[in-house]
Amino acid sequence: MSAAETDTYSAQDAPEFAPAQFVRWFREVAPYVHDFRGKTFVVAFGGELIEDGGLEDLVADLSLLSALGIKLVLVHGSRPQVNEQLRLKGHTTQFGRGTEPTSPEALECAKEAAGEIRLDIEAAFSQGLPNTPMSHAKIRVISGNFVTARPVGVIDGVDFRRAGTVRKLDIEAMRNVISQGAIVLLSPLGFSPTGEAFNLAMEDLATNAAVALRAEKLIFLTQNRTVTETDGSVDTELARKDADDLLAQDILDEDTSAFLRHASLAVKRGVARAHLVPYTMDGSILLEIFTHDGVGTMVVEDTLEDLRPAGADDVGAIVQLIEPLEADGTLVPRGRATIERDVEKFTVLEHDGVIYGCVALIPYLDDGMAEMACLIVHPEWQGTGDGEKLLRHAETSARAQGARRLFVLTTRTSHWFLKRGFVQGGVSDLPHEKRAHYNHSRNSLVFIKRL
């Protein structure tokens with residue numbers, strides 16, 4: 001094969017013809033496509049995205065999500081556009097993050113800005129030129145009076161005037177729209193039963209919509225407002241408790257804190273996953289949804305990447321992990337029936353509904369030993385410590401069951417086990433029952449670790 005067929009490139013640098021990479025990536029997204037088809041995503045973005053010229057690329061990516069059967073609700077903000085309108089009209093008021101007092105004059109500016117942005121979004125979804133991502137898309141965008149609002153009122157002596165909060169959403173009407181394949185568009189305005197209009201915070205509106213719709217995901221597209229580690233890398237997954245602890249430390253900037261607070265609230269109220277995704281990265285929403293680690297910060301009730309006992313529904317995924325290693329001789333062939341019979345001995349490593357690792361533990365407690373078998377991590381996710389995670393789990397489980405020694409049989413990975421504290425033994429060191437079934441034709445090496 002040529003380099004163009006085998007090398008891995010970034011989206012920006014890939015040559016026009018890199019078939020091996022394209023096929024591999026396309027296959028890798030299949031589990032996510034299956035998992036998310038028919039699910040509802042609420043995607044929220046501020047007016048900064050539009051101001052920075054990111055609307056057309058976002059709409060192209062959203063049209064792809066829609067084509068894959070994902071139901072979409074869009075919530076846009078308009079803060080920079082409102083501030084510009086206020087400036088042009090000679091007002092000194094400027095809106096910051098969150099809910100702020102809104103004068104009647106500022107409300108008029110908010111209406112103008114929301115109307116202009118709504119038209120821009122509708123126009124972007126109406127594109128259909130050949131040889132563009134929007135070709136043949138034909139996506140309808142429907143907005144309306146879905147949001148009933150109430151005034152914020154007076155807080156600590158401050159009259160918030162025409163600033164409002166969400167009282168109720170017309171969920172039945174919104175679901176009717178998205179069931180027909182259209183996209184619901186919500187502007188940061190709500191209306192009272194008396195016909196008054198109120199200015200809403202985009203983050204609050206998006207959170208309420210995601211909770212009320214029982215959305216699978218709430219995605220905030222931000223200006224690089226993700227949570228980072230001490231080395232500057234993105235913290236790609238946060239348990240809600242950890243997010244709340246981080247917020248309590250008051251060390252994040254104002255924007256990141258605001259987005260993270262709403263993401264945590266959404267998860268607490270039942271949304272499966274909430275994301276902070278940088279829109280400044282091309283294709284970031286696709287990378288976040290369809291790659292293992294994503295590019296933003298995801299908040300979940302508990303960490304999604306987890307070890308758990310395997311069940312009958314996991315047999316197919318375990319077989320898929322094992323088959324390539326059986327084919328090249330690394331593992332002894334077991335067959336689906338054997339996996340089904342012994343599935344309770346397996347633990348799987350799962351992330352976001354995708355099983356990408358497994359290990360089996362077979363006890364021989366009369367001899368004070370346990371066998372670790374089928375320790376596998378999918379090739380695309382190797383090198384990140386998941387093999388060690390499976391090994392530690394097997395060691396802990398074996399010790400808890402009363403085993404004093406853990407052994408493995410291997411033909412190709414002896415160095416990996418030697419580096420992790422195993423020592424080479426012989427067939428005579430195996431439990432009596434295992435010795436009786438040892439396959440001498442494979443001539444597997446025996447490695448043992450004291451627990």
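## A histidine between two helices

His-91 is placed in the loop between helix H6 (79–88) and helix H7 (104–125). Helices (H or I, at least four residues) and strands (E, at least two) are DSSP runs, numbered from the N terminus. The model is predicted: local features need pLDDT of at least 70 and side-chain atom pairs count only at pLDDT 80 or more, while totals for chains, interfaces and linings use all residues. Residues are numbered from 1 along each chain as its sequence is written, and side-chain values use heavy atoms, with hydrogens and water left out.

With a relative accessibility of 31%, His-91 counts as partly exposed. Here buried means under 20% relative accessible area, exposed means over 50%, and partly exposed lies in between (1.4 Å probe, protein chains only). Leaving aside neighbours within four places in sequence, His-91 is in contact with Leu-86 and Glu-105, where contact means heavy atoms within 4.5 Å. Between His-91 and Ala-106, 15 residues apart along the chain, the C-alpha separation is 8.6 Å.

## Overall composition

The protein contains 17 helices and 21 strands. Its C-alpha atoms fill a box of roughly 90 × 55 × 40 Å, taken along the principal axes. Of the 451 residues in the protein, 47% are buried. Among contacts between residues at least 6 apart in sequence, 69% join residues at least 24 apart.

## The seven-stranded sheet

An open sheet of mixed pairing is formed by seven strands in the order S15-S16-S17-S18-S19-S21-S20. Strand S15 (306–309) and strand S20 (423–425) stand at the edges with a single partner strand each, so one side of each is left without a neighbour in the sheet. From one strand to the next, the twist averages 30°. Two strands are taken to pair if DSSP finds at least two bridges between them. In general, strands of a sheet pair through backbone hydrogen bonds, either parallel or antiparallel.

Strand S17 (residues 354–364) and strand S18 (residues 369–377) pair in the antiparallel sense over seven bridges. Ala-360 has Ala-373, in S18, as its bridge partner. Helix H13 (residues 315–327) lies across strand S16 (346–351), S17 and S18, and runs at about 80° to S17. Helix H15 (residues 386–400) also packs on the sheet, where it touches S15, S16, S17, S18, strand S19 (405–410) and strand S21 (445–450). The direction of H15 makes about 160° with that of S18. For these values, axes are lines fitted to C-alpha atoms, for helices over the stretch in contact, and angles run from 0 to 180 degrees between N-to-C directions.

## Nonpolar cores

A nonpolar core is a set of buried Ala, Val, Leu, Ile, Met, Phe, Trp, Tyr and Cys residues joined through side-chain atoms within 4.5 Å. The largest one has 53 residues, of which Val-43, Leu-62, Leu-65, Phe-125, Leu-221, Ile-285 and Met-372 touch the most other members. Helix H5 (residues 55–67) gives the most to this core, with five residues. Beyond its neighbours within four places in sequence, Leu-221 is in contact with residues including Val-43, Phe-45, Leu-58, Tyr-279 and Ile-285.

Helix H9 (residues 202–212) is mostly covered, with nine of its eleven residues buried. The buried residues of H9 include Met-202, Glu-203, Thr-207 and Asn-208. After H9 comes Arg-214, whose phi is positive, near 55°.

## Aromatic pairs, cysteines and a buried serine

Seven aromatic pairs are found in the whole structure. Rings of Phe, Tyr and Trp (its six-membered ring) pair if their centres lie within 6.5 Å; planes under 30 degrees apart count as stacked, over 60 as edge-to-face and the rest as tilted. Phe-417 and Phe-422 form an edge-to-face pair, at 5.3 Å centre to centre with 75° between the planes. Phe-417 is buried at 8% relative accessible area, and Phe-422 is buried at 2%. Tyr-32, Phe-36 and Phe-41 form one aromatic cluster.

The structure holds zero disulfides, a disulfide being a pair of cysteine sulfur atoms within 2.5 Å. For Cys-358, the nearest cysteine sulfur is that of Cys-374, 6.0 Å away. Cys-358 is buried, with a relative accessible area of 0%. Ser-264 lies in helix H11 (residues 254–268) and counts as buried at 3% relative accessibility.
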